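Here is a short note to read alongside the model, written for a colleague who likes the definitions spelled out. Please keep the viewer open as you go through the points.

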Amino acid sequence: MGSGHGTELNLTLKVWRQKNAKAAGSFETHQLTGISTDMSFLEMFDVLNEKLIHEGKEAIAFDHDCREGICGACSMYINGRPHGPKNLVTTCQLHMRSFKNGDTIVVEPWRSAAFPVIKDLAVDRTAFDRIIASGGYVSVNTGNAQDANNILIPKEAADEAFSAAACIGCGACVAACKNASAMLFVSAKVSQLALLPQGQVERKERVKKMVAQMDEEGFGNCTNTGACEAECPKGISLENIARMNRELTAASLK
Amino acid sequence: MSKLDSKIPEGPIDQKWSKYRSTVHLVNPANKRSLEVLVVGSGLAGASAAATLAEMGYKVKVFCFQDSPRRAHSIAAQGGINAAKNYQNDGDSTYRLFYDTIKGGDYRAREANVHRLAEVSSSIIDQCVAQGVPLAREYGGLLSNRSFGGTQVQRTFYAAGQTGQQLLLGAYSALQRQVGSGNVTLCSRHEMLDVVTIDGVARGIIARNLVTGEMEKHFGHAVLLCTGGYGNVFYLSTNAMGSNVTAAWKAHKKGAFFGNPCYTQIHPTCIPVSGDHQSKLTLMSESLRNDGRIWVPKKKDDNRKPTDIPEEERDYYLERRYPAFGNLVPRDVASRAAKERCDAGYGVGNSKMAVYLDFAFNTARYGRTEATKRNIQNPSQEEIMRLGKEVVKEKYGNLFDMYEQITGENPYEVPMRIYPAVHYTMGGLWVDYNLMTTVKGLYALGEANFSDHGANRLGASALMQGLADGYYVIPYTLGVYLSEEVSRMSAEKDKPDSIDKLKTKHPAFDAALKEQTDLINKFLTIKGTKSVESFHKRLGLIMWNKCGMARNKQGLTEAISEIQALRREFWSDVRVLGSADEMNPDLEKAGRVADFLELGELMCKDALHREESCGGHFREEHQTEEGEAKRDDANFAYVAAWEYKSESNWELNKEELKYENIKIAQRSYK
Ligand SMILES: Cc1cc2nc3c(=O)[nH]c(=O)nc-3n(C[C@H](O)[C@H](O)[C@H](O)COP(=O)(O)OP(=O)(O)OC[C@H]3O[C@@H](n4cnc5c(N)ncnc54)[C@H](O)[C@@H]3O)c2cc1C
Ligand code: SF4
Ligand code: FES
């Protein structure tokens with residue numbers, strides 16, 4: 001039991017390389033040996049990058065920061081699945097014990113018109129920030145709040161809002177969707193605020209504005225395939241999309 | 001005369017802030033629109049400051065190196081945020097939070113700042129809830145609290161093990177609302193590389209666009225550094241991979257004094273290192289110590305499975321040594337106690353550098369309570385554990401999952417193995433009561449400043465401090481300076497080459513830009529043989545071994561020369577590939593490691609000069625017979641504020657700490 005007992009893997013990696021947004025990209029193949037099963041997927045990339053630098057080749061660019069599954073930065077499309085083969089796990093929390101000796105692993109960036117590639121595996125997800133800026137908030141300036149316990153919130157509502165608020169903004173839902181729809185992401189924020197008393201005043205305006213911005217950013221339509229929910233590392237539920245559709249209908253009826 | 005003026009207002013401690021706040025100069029609304037504020041950092045401190053200042057009418061620009069402000073390192077905070085609400089009616093008060101923080105900091109923090117922090121703590125919770133932050137609730141709809149170390153009240157608010165995420169998303173939403181209304185310009189994927197000063201006053205920054213590589217000049221009437229802590233100088237820490245000291249360090253080299261650089265927090269409960277490939281360490285929140293009991297076997301080299309070791313053969317060493325606080329002693333104390341057991345040969349796991357954090361006891365307790373609640377008569381042991389696990393899952397589910405992802409072990413079944421790891425830096429840029437550094441117009445907020453936690457930070461107090469600085473302190477204290485700026489601007493209105501007319505066309509901006517461009521080119525032209533990463537790792541090892549949990553004169557002296565040698569090697573043999581005019585993560589990292597290589601030396605010098613033990617700073621030469629930290633109040637009750645002179649050359653300035661409201665005492669948790 002315990003750590004340090006990782007067995008070692010030999011792997012073939014096919015990684016997408018693309019110099020910048022305009023350049024055409026292609027796959028590059030690398031062999032790795034002696035990868036410990038205790039390593040995280042990104043630590044395996046660290047090993048690969050060290051090897052590349054040693055060989056005088058440029059390291060592969062990819063987004064990452066917390067490596068704890070919470071910041072939402074990491075974003076690799078691994079063997080045809082956003083964040084790889086394990087459910088409910090981000091790329092950074094995926095460990096090499098999920099792979100077998102001799103495996104070939106194909107790694108690509110998120111692919112969506114609304115998320116253009118910046119370099120290699122790093123994409124531009126600022127569309128998500130603009131969607132939040134369009135209405136994903138409660139309009140309350142600092143200094144205007146009443147005592148927190150004056151707002152009673154039933155535990156169930158608080159818990160449900162929290163589950164929706166757990167979205168890390170990674171964009172896997174978009175990457176998983178054949179239409180590149182951002183409905184899961186947008187509906188998570190709409191739901192969180194629709195479920196709470198604090199979100200009621202702006203409820204109708206919010207959903208309209210956020211959906212309008214989502215459309216403007218070039219995300220596709222939702223055709224209920226459910227791929228987003230299946231690939232979401234935080235288990236954001238399709239319920240949220242249903243709720244958002246109801247919210248939108250209600251908001252459109254004057 | 002001291003160069004340091006802390007600008008603490010006169011008057012009794014509990015009136016200083018309220019009186020100051022209502023008498024400071026204000027900036028009128030029309031003038032605010034012509035004042036530009038640069039906020040570097042979008043964590044709790046930066047996002048809250050930027051949103052609030054923009055709401056007040058200032059023109060704000062925000063910078064962060066991540067692709068989105070929502071990904072700032074604050075997002076990873078797990079356990080909770082303190083506030084003296086006394087919702088639990090357990091005797092909490094502003095004074096008690098103030099007292100606990102000063103004591104927890106081992107009497108090395110500034111009283112007036114800490115009291116202010118305790119005073120505004122309640123409003124933070126109100127503001128966050130108003131924003132829709134889903135903090136945990138009880139069945140009656142009221143907010144829930146949990147306990148954290150170093151206190152005997154329940155004042156910690158939380159959202160499962162994702163408190164930082166929820167608070168940051170609240171602040172981020174407020175920020176994005178201002179972005180949406182055009183009051184904030186957002187510069188994500190930008191890295192600040194230098195502060196631009198003109199006649200010693202901060203006037204802007206140089207930043208690199210991390211997508212295009214373009215070097216940019218930005219003008220501001222004030223610059224706020226909210227750039228987080230520097231724990232990554234140790235290479236392995238619980239900080240995010242990108243966390244770094246560059247902004248603070250460059251400011252330091254431009255005249256901002258660095259306060260108490262050696263005060264580092266080593267967190268007792270982290271997942272142990274599993275091999276050489278380790279890129280970072282993962283925290284298991286302090287809140288787990290609420291419900292977990294820490295132990296090692298009583299026998300050395302006991303290789304039995306933890307579940308096979310009977311109760312009487314376990315050493316619950318924290319409960320044994322500190323009966324009053326038990327598993328909830330402050331972090332520095334808990335960390336040293338774990339190190340002591342492992343060094344003495346009682347550690348567990350393959351590396352023997354780990355102790356157990358065991359939930360079985362409390363899982364059973366919860367299970368029994370649940371059974372009673374649900375009216376289950378004579379529940380079996382299995383039933384009890386099943387019910388208990390449900391409760392534990394709700395409280396800490398995401399942490400338990402994370403543990404299992406990383407270690408491959410199920411913590412619901414076997415105790416977690418944990419070991420201390422670098423977590424937080426109490427040291428940082430020295431600031432006065434207004435949060436201004438020793439460079440006029442340059443401020444530091446959040447973890448980037450040195451101010452509130454003394455030599456040891458209590459759990460759940462960093463989130464509180466970051467948001468206090470951003471939502472409630474800087475909005476007032478910035479006006480003190482900016483109202484002077486307004487007068488200056490109107491006096492210089494007709495001056496053709498005034499700072500306000502020239503802005504980034506001032507030659508100081510070009511000089512700073514050139515300096516930073518040259519630096520980048522230098523990295524790329526060394527063309528050595530060793531990667532940036534390898535230097536970072538080596539630096540980390542020196543720091544951890546010689547400036548880590550226990551320090552001594554010999555080790556620190558060695559570390560200083562080792563770091564100097566490593567720095568020379570870096571500048572002659574580092575290999576940075578790619579070019580400057582594109583996204584180049586390796587180049588970014590080169591700059592950060594170069595700064596860590598200078599900071600590390602200062603940390604060791606600070607640790608060497610402080611001939612006492614206090615909080616997270618433990619000098620082996622200074623301990624009590626029982627192995628506790630031994631302070632020297634007669635000689636070291638001061639903030640060490642280091643002034644940069646030239647490479648490897650600093651001058652020490654001291655801010656004496658006066659305790660007028662708390663009796664300074666030997667810290668005891670027994
Ligand atoms: C795993 C973990 C768990 C924690 N849990 C808790 C907890 O439960 N309770 C608690 O109170 N505290 C906790 N802490 C501590 C707390 O999270 C941090 O101290 C706090 O969030 C720091 O906030 P900040 O705003 O000062 O900086 P950060 O959140 O670190 O933000 C720094 C910002 O500065 C930007 N930046 C940095 N340098 C530059 C540059 N050169 N140019 C441009 N931008 C730059 C970054 O992009 C980022 O936006 C935890 C810490 C860790 C590591
Ligand atoms: S909904 Fe899930 S997949 Fe989509 S951005 Fe949020 S966390 Fe990522
Ligand atoms: S790196 Fe933060 S979620 Fe993966």
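The points below take the ligands and then the strands.

1. Conventions. This is a predicted model, in which local features need pLDDT of at least 70 and side-chain atom pairs count only at pLDDT 80 or more, while totals for chains, interfaces and linings use all residues. Residues are numbered from 1 along each chain as its sequence is written, chains are lettered from A and ligands numbered from 1 in the order in which they are written, and side-chain values use heavy atoms, with hydrogens and water left out.

2. The shell of ligand 1. Ligand 1 is surrounded by 38 residues, and the closest are Gln66(B), Ser74(B), Gly79(B), Met192(B) and Glu447(B); a residue is near a molecule if one of its heavy atoms lies within 4 Å of it. By class there are 17 nonpolar, 18 polar and three charged residues. Here Ala, Val, Leu, Ile, Met, Phe, Trp, Tyr, Cys and Pro count as nonpolar, Asp, Glu, Lys and Arg as charged, and the others, Gly among them, as polar.

3. Where that shell comes from. In chain B, helix H3 (44-56), strand E6 (190-198), strand E15 (416-425) and helix H13 (462-491) each give at least two residues to the shell around ligand 1. E6(B) supplies the largest share, three residues. Helices (H or I, at least four residues) and strands (E, at least two) are DSSP runs, numbered from the N terminus.

4. Backbone atoms at ligand 1. A backbone N or O atom of Met192(B) is 2.7 Å from a nitrogen atom of the ligand. For Gly79(B), a backbone N or O atom lies 2.8 Å from a ligand oxygen atom, and a polar backbone atom of Leu44(B) lies 3.2 Å from an oxygen atom of ligand 1. On its own, ligand 1 has 1000 Å² of accessible area, and the protein covers 98% of that (Shrake-Rupley method, 1.4 Å probe).

5. Ligand 2. What surrounds ligand 2? There are 13 residues, and the closest are Cys167(A), Cys170(A), Gly171(A), Cys173(A) and Cys232(A). Helix H4 (172-176) and helix H5 (183-195) of chain A are the elements that give two or more residues to this shell. Its residues divide into 11 nonpolar, two polar and no charged.

6. The parallel sheet. In chain B, five strands form an open sheet in the order E5-E2-E1-E9-E17, with parallel pairing; two strands pair if DSSP finds at least two bridges between them. Strand E5 (184-187) and strand E17 (442-444) of chain B are the edges, each pairing on one side only. From one strand to the next, the twist averages 20°; axes are lines fitted to C-alpha atoms, for helices over the stretch in contact, and angles run from 0 to 180 degrees between N-to-C directions. Three bridges join strand E9 (222-225) to E17 in chain B, and Val223(B) has Leu442(B) as its bridge partner.

7. The antiparallel sheet. E6-E7-E8 of chain B is the order of an open sheet of three strands with antiparallel pairing. E6 and strand E8 (215-219) of chain B each have a single partner strand, so one side of each is left without a neighbour in the sheet. The twist averages 30° from one strand to the next. Eight bridges pair E6(B) with strand E7 (201-209) of chain B, and Val196(B) stands opposite Gly204(B).

8. A hairpin. E20(B) and E21(B) form a hairpin with two residues between them, and Ser648(B) in the turn has a positive phi of about 60°. Ala640(B) stands opposite Lys654(B) in E21(B).

Key
Polar contact = N/O pair within 3.5 Å; in protein donor to acceptor, adjacent residues only side chain to side chain.
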